[in-house]
Amino acid sequence: MLSIENLHAGIEGKKILKGINLEIKPGEVHAIMGPNGSGKSTLASVLAGRPEYEVTQGKVEFLGKDLLELSPEKRAGEGLFLAFQYPIEIAGLSTTHFIKTSVNEVRKYRGQQPLDAVSFLKMMKEKMALVNIEKTLLSRSLNEGFSGGEKKRNEIFQMAMLEPRLAILDETDSGLDIDAIRIVSNGVNALRSKDNAVLLVTHYQRLLDYIVPDFVHVLYNGQIVKSGPKELAYELEERGYDFIKSEFPAME
Ligand code: ADP
Ligand code: MG
Ligand code: MG
């Protein structure tokens, strides 16, 4: 599904990713962990196609297409979801309207008709129950004055509505209270199927008690230095990242 090969990328001449290799197959959930500043968010940003990041080497294939050649909109059309794709606040644009537009854009890209009002409402109801989002939130302007928890709900609601093949979530430890953990894990676990995959970037081991990954990778100094089963996350919690750093002292 996603194949990252020797990916090098940076920003403003600073090298951040230094040869990332990663294979994600349908049905899998991969977690990326690692110390602060190791390049986790940069990896998510490059996969999202954020223009400020420069890819200097390597290849990324998504469902057989060269991902790096696609605009962010086309990436979404191909079935990629990135949680921070739309962090903007837009006065006067209701969240419902925005989501309807996004859903129909993706449908159009796939050659499908826009959803009629009845089908859209039915889908909204189903997904609202899933993330426990309130109707009033959806009639408010997009992200305007949303609290951290409301933004999180809205983001996961968008993900649920778009039904992506691969969701990439960058979860910083800040602001992930128990409520947010439930929202994120309900959304991700509902998306899990043999056809879909998830790449979950997190600083936060606790999230992995709720979203049990198939693989855990440790990103350190722009490289994946260790990969393993879910137990690796427990080892990291117990031992911290210092043992990783001491195994790779030259990279400090
Ligand atoms: P992580 O998400 O693992 O904490 P990041 O990808 O955010 O790591 O950052 C990796 C490195 O790249 C850090 O040293 C950070 O300071 C640097 N970096 C990230 N974004 C920028 C930017 N916009 N401008 C300059 N340096 C950046
Ligand atoms: Mg960071
Ligand atoms: Mg980060």
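**Ligand shell, sheets, core**

Start at the ligand: the residues of the shell around ligand 1 divide into two nonpolar, seven polar and three charged. Keep in mind that this is a predicted model.

Who is in that shell? Ligand 1 is surrounded by I11, E12, K14, I16, G34, N36, G37, S38, G39, K40, S41 and T42. Two elements give two or more residues each: β2, residues 14–24, and α1, residues 40–48. Helix α1 gives the largest share, three residues.

Now pick out E12 from that list. E12 is found in the loop between β1 and β2. Its phi is positive, about 45°, although E12 is not a glycine. For context, most residues other than glycine have a negative phi. Is E12 buried or exposed? E12 counts as exposed, because it has 7 C-beta neighbours inside 10 Å, and the cut-off for exposed is 12 or fewer.

N132 is not a glycine either, and its phi is positive, near 55°. N132 sits in the loop between α4, residues 117–131, and α5, residues 135–139. N132 has 13 C-beta neighbours inside 10 Å, so it counts as partly exposed.

On to the sheets. Take the four-stranded one. It is open, its order is β2-β1-β4-β5, and the pairing is antiparallel. Which strands stand at the edges? They are β2 and β5, residues 65–66; each has a single partner strand, so one side of each is left without a neighbour in the sheet. Strand β4, residues 54–62, runs antiparallel to β5, and two bridges join them. In that pair, E61 stands opposite D66 of β5. Our shell helix comes back here: α1 lies across β1, residues 2–11, as well as β2 and β4. Its direction is at about 70° to β2.

Next, the six-stranded sheet. This one is open too, with mixed pairing and the order β6-β9-β10-β3-β11-β12. The edge strands are β6, residues 80–82, and β12; each has a single partner, so one side of each lacks a neighbour in the sheet. From one strand to the next, the twist averages 20°. Helix α1 packs on this sheet, touching β3, β6, β9, β10 and β11. The direction of α1 makes about 145° with that of β9, residues 166–171.

Strand β3, residues 29–33, pairs with β11 in the parallel sense, over four bridges. There, H30 stands opposite F215 of β11. Strands β11 (residues 215–220) and β12 (residues 223–228) pair in the antiparallel sense, over five bridges. L219 faces I224 of β12 across that pair. The hairpin of β11 and β12 has two residues between the strands, and N221 takes a positive phi near 50°.

In soluble globular proteins, nonpolar side chains tend to be buried together. Here the largest nonpolar core has 61 residues, and L166, I168 and L200 touch the most other members. Helix α6, residues 148–162, gives the largest share of this core, six residues. What does L200 touch, leaving out residues up to four places away in sequence? The answer is V29, A31, L169, E171, V188, I211 and P213.

That's the tour. Over to you.

How values were computed: Residues numbered from 1 in each chain as written. Chains lettered and ligands numbered in written order. Predicted model: local features only at pLDDT ≥ 70, side-chain atom pairs only at ≥ 80, totals over all residues. Near = placed C-beta within 6 Å. Nonpolar A, V, L, I, M, F, W, Y, C, P; charged D, E, K, R; others polar. Core = buried A, V, L, I, M, F, W, Y, C linked by C-beta atoms within 7 Å. Buried ≥ 20, exposed ≤ 12 C-beta atoms within 10 Å, placed from the backbone. Contact = placed C-beta atoms within 7 Å. Pairing = 2+ DSSP bridges. Axes fitted to C-alpha atoms, helices over the stretch in contact; angles between N-to-C directions.
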